[in-house]
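Try each task on the structure before reading its solution.

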Amino acid sequence: MYSTRERLVSLRLLGMAKAFDQQLGSTAFSAMSFEERLSHLASMEEHERDHRTRLRLLRQAKFKVMADPREINFDAQRGLDRAYIAELLTCGWIRRCDNLLITGAAGSGKSFVGSAFGMAAIDLGLSVRYVRTNPMLEQMALAHIDGSIGKLRHSLVSASLLILDDFGIAPITLRAKEDLLELLEGRIDAGSTIVIGQLAPEEWHDYLDAPHLADAIIDRLFQRSHRFTLKGASMRMRL
């Protein structure tokens, strides 16, 4: 016959099982009422589920850099407005399906800041996916060949926040531009996109070099977009 603890584990109530062990192992809990002890069990289960959810979201995000929002550098030369960044870290713009465009020179810390917004989203239970733009588009090209493009596109479209890093770093094919447009079209009113790159948004049309596709891609990204540019000396020089 199953013990109470074994039943909790078999039901995957791991937080409750840990709390049950605590209550059995300490006489301090004997002074608590039944309702108080039950509340302790429920609180531990809630905490355990939140922890497992966060770990799952972190695995799915596939960040290149694990960036803590508290470690964003606000040195005056970087040109970051604390109040503006604080507002973005509340992630209200993600819930509204707005976009965020982060530009700046190489080494200015764009990827770190973008990933910090991703971490803030995960802390609120939102799904995030981090990708480097060109490798993602190359993966989509291969997915057209093996028939998995639908599955791949769905995984990118379904994230609450998609982070496209290194945008504009190298030329992309016509098919890649079409895939990018299809992806952004699917994310309208479904999720937010952060685009990180060295090119200023005003240079994107020339970079994409396909007038109709460029117009459509830029239109999707600029709709309800927030923008800022990181300035100052390379952060890599400080490492």
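A residue counts as buried under 20% relative accessible area, as exposed over 50%, and as partly exposed in between. Keep in mind that this is a predicted model.

**Exercise 1.** Work out whether Asp123 is buried, partly exposed or exposed, then look at its salt bridge with Arg54.

Step 1: Asp123 has a relative accessible area of 46%, so it goes down as partly exposed.
Step 2: Check the contact: the closest N and O atoms of Arg54 and Asp123 are 2.8 Å apart, and the two form a salt bridge.
Step 3: Arg54 is in helix 3 (residues 34–61) and Asp123 in helix 6, so to speak a link between distant parts of the chain, 69 residues apart.

**Exercise 2.** Find the salt-bridge partners of Arg220, starting with Glu185.

Step 1: Glu185 pairs with Arg220, with 2.7 Å between the closest N and O atoms.
Step 2: This pair also links distant parts of the chain, as Glu185 is in helix 9 and Arg220 in helix 11 (residues 211–222), 35 residues apart.
Step 3: Asp219 meets Arg220 in a salt bridge as well, at 3.7 Å from N to O.
Step 4: Arg220 has 23% relative accessibility, so it counts as partly exposed.

**Exercise 3.** Classify the ring pair Phe167 and Tyr207: how do the planes sit?

Step 1: The ring centres are 5.6 Å apart, and pairing needs them within 6.5 Å.
Step 2: The planes are at 70°, so the pair is edge-to-face.
Step 3: Phe167 lies in the loop between strand 3 (161–165) and helix 9 (174–187), while Tyr207 is in helix 10 (residues 204–208), so the pair ties together parts 40 residues apart in sequence.
Step 4: At 4% relative accessibility Phe167 counts as buried, and Tyr207, at 18%, counts as buried too.

**Exercise 4.** Describe the largest cavity: what is its volume, and which kinds of residue line it?

Step 1: Its volume is about 110 Å³.
Step 2: Pick out the lining, which includes Cys97, Leu184, Asp189, Arg220 and Arg224.
Step 3: Sort the lining residues, and you get 3 nonpolar, 4 polar and 4 charged.

Terms used
Residues numbered from 1 in each chain as written. Predicted model: local features only at pLDDT ≥ 70, side-chain atom pairs only at ≥ 80, totals over all residues. Heavy atoms only, no water. 1 Å grid on protein atoms, 1.4 Å probe; cavity = no way out; pocket = protein on both sides within 12 Å on 5 of 7 lines; lining within 4 Å. Points joined across faces, edges and corners; volume = space filled by probe spheres on them. Nonpolar A, V, L, I, M, F, W, Y, C, P; charged D, E, K, R; others polar. Phe/Tyr/Trp six-rings, centres within 6.5 Å; stacked < 30°, edge-to-face > 60°. Helix = DSSP H or I, 4+ residues; strand = E, 2+ residues; numbered from the N terminus. Buried < 20%, exposed > 50% of the residue type's maximum accessible area, 1.4 Å probe, protein only. Salt bridge = Lys/Arg side-chain N within 4 Å of Asp/Glu carboxyl O.
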